[in-house]
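Trainee: I'd like to learn how to read helix packing from a model. Can we walk through one together?

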Amino acid sequence: MEDFLVPTWNPSYSVGVDYIDVDFNIILNVLGVIELEIQNFKRPNVLENAKRFLVKHVCAHFKREETDMKRQSYPGFERHSNQHMDYLSNMGELLDAIGRGDLCSEILSAHADWWSDHVRGASRNFVEYLESDEKIAV
Ligand SMILES: [Fe+2]
């Protein structure tokens, strides 16, 4: 059995907010499809569709999360949204490599790791804020 760099979503990734959990699950799935394609098939149409889906879903997720943060007056909004902007500014490298069909393991790992760290760190911090007395007092 091949080893995959992109992990499969599992309940240990859950932050307890449905849309964040579902979005992260979908993003890991599409990164997994991209990894599988690059390793085995390199079908241009599948990779192109996966790229488009990834961009659309990442942007939708960021927008959904940032809208929620603003609505909840989250004090960590700016720091969190800066992480989103950093990710978007590095996304071109990933998309270019997918387009060429030569996505290296370092780039793929870096993106999978970023998502794991971001969701389990920054997104979980937001959820902790939602559940805290600080939020209740707002
Ligand atoms: Fe986020």
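Trainee: Which residues in helix 1 meet which residues in helix 4?

Mentor: Two housekeeping points first. This is a predicted model, where local features need pLDDT of at least 70, side-chain atom pairs count only at pLDDT 80 or more, and totals for chains, interfaces and linings use all residues. Residues are numbered from 1 along each chain as its sequence is written. Now your list: I20, F24, I27, L28, L31 and E35 in helix 1 meet L108, H111, A112, W115, V119 and S123 in helix 4. The residues of this contact divide into 9 nonpolar, 2 polar and 1 charged. Contact is a C-beta test (atoms placed from the backbone, within 7 Å). Nonpolar covers Ala, Val, Leu, Ile, Met, Phe, Trp, Tyr, Cys and Pro, charged covers Asp, Glu, Lys and Arg, and the others, Gly among them, are polar. Helices are DSSP runs (H or I, at least four residues), numbered from the N terminus.

Trainee: How do I read the geometry of such a pair?

Mentor: Two packed helices are described by the angle between their axes and the distance between the axes. Here, the axes of helix 1 and helix 4 come within 11 Å and cross at roughly 170 degrees. Axes are lines fitted to C-alpha atoms over the stretch in contact, with angles from 0 to 180 degrees between N-to-C directions. Helix 1 and helix 4 are therefore roughly antiparallel (over 145 degrees).

Trainee: At what angle do helix 1 and helix 2 cross?

Mentor: Helix 1 (residues 18-41) and helix 2 (residues 44-71) cross at roughly 160 degrees, their axes coming within 10 Å. That pair is therefore roughly antiparallel too. The contact of helix 1 with helix 2 divides into 14 nonpolar, 2 polar and 4 charged residues.

Trainee: Which residues of helix 2 are buried?

Mentor: Burial is a neighbour count: 20 or more other C-beta atoms within 10 Å means buried, 12 or fewer exposed, and in between partly exposed. By that count L47, A50, L54, V58, H61, E65 and M69 in helix 2 are buried. They pack against helix 1, helix 3 (77-100) and helix 4 (105-130).

Trainee: And how does D68 count?

Mentor: D68, also in helix 2, is partly exposed, because it has 16 C-beta neighbours inside 10 Å. D68 and F126 are 58 residues apart in sequence, yet 9.8 Å apart in space, C-alpha to C-alpha.

Trainee: Is N82 buried or exposed?

Mentor: N82 sits in helix 3 and is exposed, since 11 other C-beta atoms lie within 10 Å. N82 and D102 are 20 residues apart in sequence and 29 Å apart in space, C-alpha to C-alpha.

Notes:
Helix = DSSP H or I, 4+ residues; strand = E, 2+ residues; numbered from the N terminus. Parallel < 35°, antiparallel > 145°, perpendicular 65-115°, else oblique. Contact = placed C-beta atoms within 7 Å.
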